[in-house]
Amino acid sequence: MASATPSSSSSQVRVGVRIRPLASKEISQGGQGCLNVVAPSIGIGQRQFTYDTVFDTHISQQDLYDNIATPLLTSFTAGYNATIMAYGQTGSGKTFTMGSEAHTEPETASHAGLIPRF
């Protein structure tokens with residue numbers, strides 16, 4: 001998502017969307033996904049939204065870390081500022097992505113979010 005050496009010809013602010021998987025409780029209550037993902041776009045109904053990167057429900061926490069944090073850490077150690085920010089509605093997956101889902105599932109290393117992996 002971010003390069004180790006900033007380029008003056010392109011924006012260094014990247015916007016990525018991570019679609020969290022359904023929680024066990026949502027699945028047990030008959031919940032189903034409603035998004036149509038054709039990266040880098042997400043469709044819901046007739047609306048289409050385009051981002052720099054889209055991570056669907058099947059990406060593991062480790063793969064997300066490798067795609068997001070690793071390039072930023074490289075830039076950071078090279079002297080550049082780096083920030084990862086999670087923004088969204090309650091229940092949208094911020095804690096799942098950034099922290100852990102220990103409050104809903106047994107905590108395992110594979111469920112650890114971005115922050116515990118630093």
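Q: What makes Leu-73, Phe-76, Ile-115 and Phe-118 a nonpolar surface patch?
A: Nonpolar side chains (Val, Leu, Ile, Met, Phe, Trp, Tyr) are joined within 5 Å, like charges within 9 Å. Leu-73, Phe-76, Ile-115 and Phe-118 make such a patch, of about 410 Å². Areas come from the Shrake-Rupley method with a 1.4 Å probe, and for residues only the protein chains shown count as cover.

This is a predicted model: local features need pLDDT of at least 70, side-chain atom pairs count only at pLDDT 80 or more, and totals for chains, interfaces and linings use all residues. Residues are numbered from 1 along each chain as its sequence is written, and side-chain values use heavy atoms, with hydrogens and water left out.

Q: Why is Ile-115 called exposed?
A: Exposed means over 50% relative accessible area, buried under 20%, partly exposed in between (1.4 Å probe, protein chains only). Ile-115 has 52%, so Ile-115 is exposed. Ile-115 is found in helix H4, residues 114-117. Helices are DSSP runs (H or I, at least four residues), numbered from the N terminus; strands are E runs of at least two.

Q: Why is Ala-109 called exposed?
A: The relative accessible area of Ala-109 is 65%, so Ala-109 is exposed. Ala-109 is found in the loop between H3 and H4.

Q: How far apart are Ala-109 and Gln-62 in sequence and in space?
A: They are 47 residues apart in sequence and 9.4 Å apart in space, C-alpha to C-alpha.

Definitions and conventions
Patches are made of residues with over 30% relative accessible area and no salt bridge: like charges are joined within 9 Å, nonpolar side chains (Val, Leu, Ile, Met, Phe, Trp, Tyr) within 5 Å. A salt bridge is a side-chain nitrogen of Lys or Arg within 4 Å of a carboxyl oxygen of Asp or Glu.
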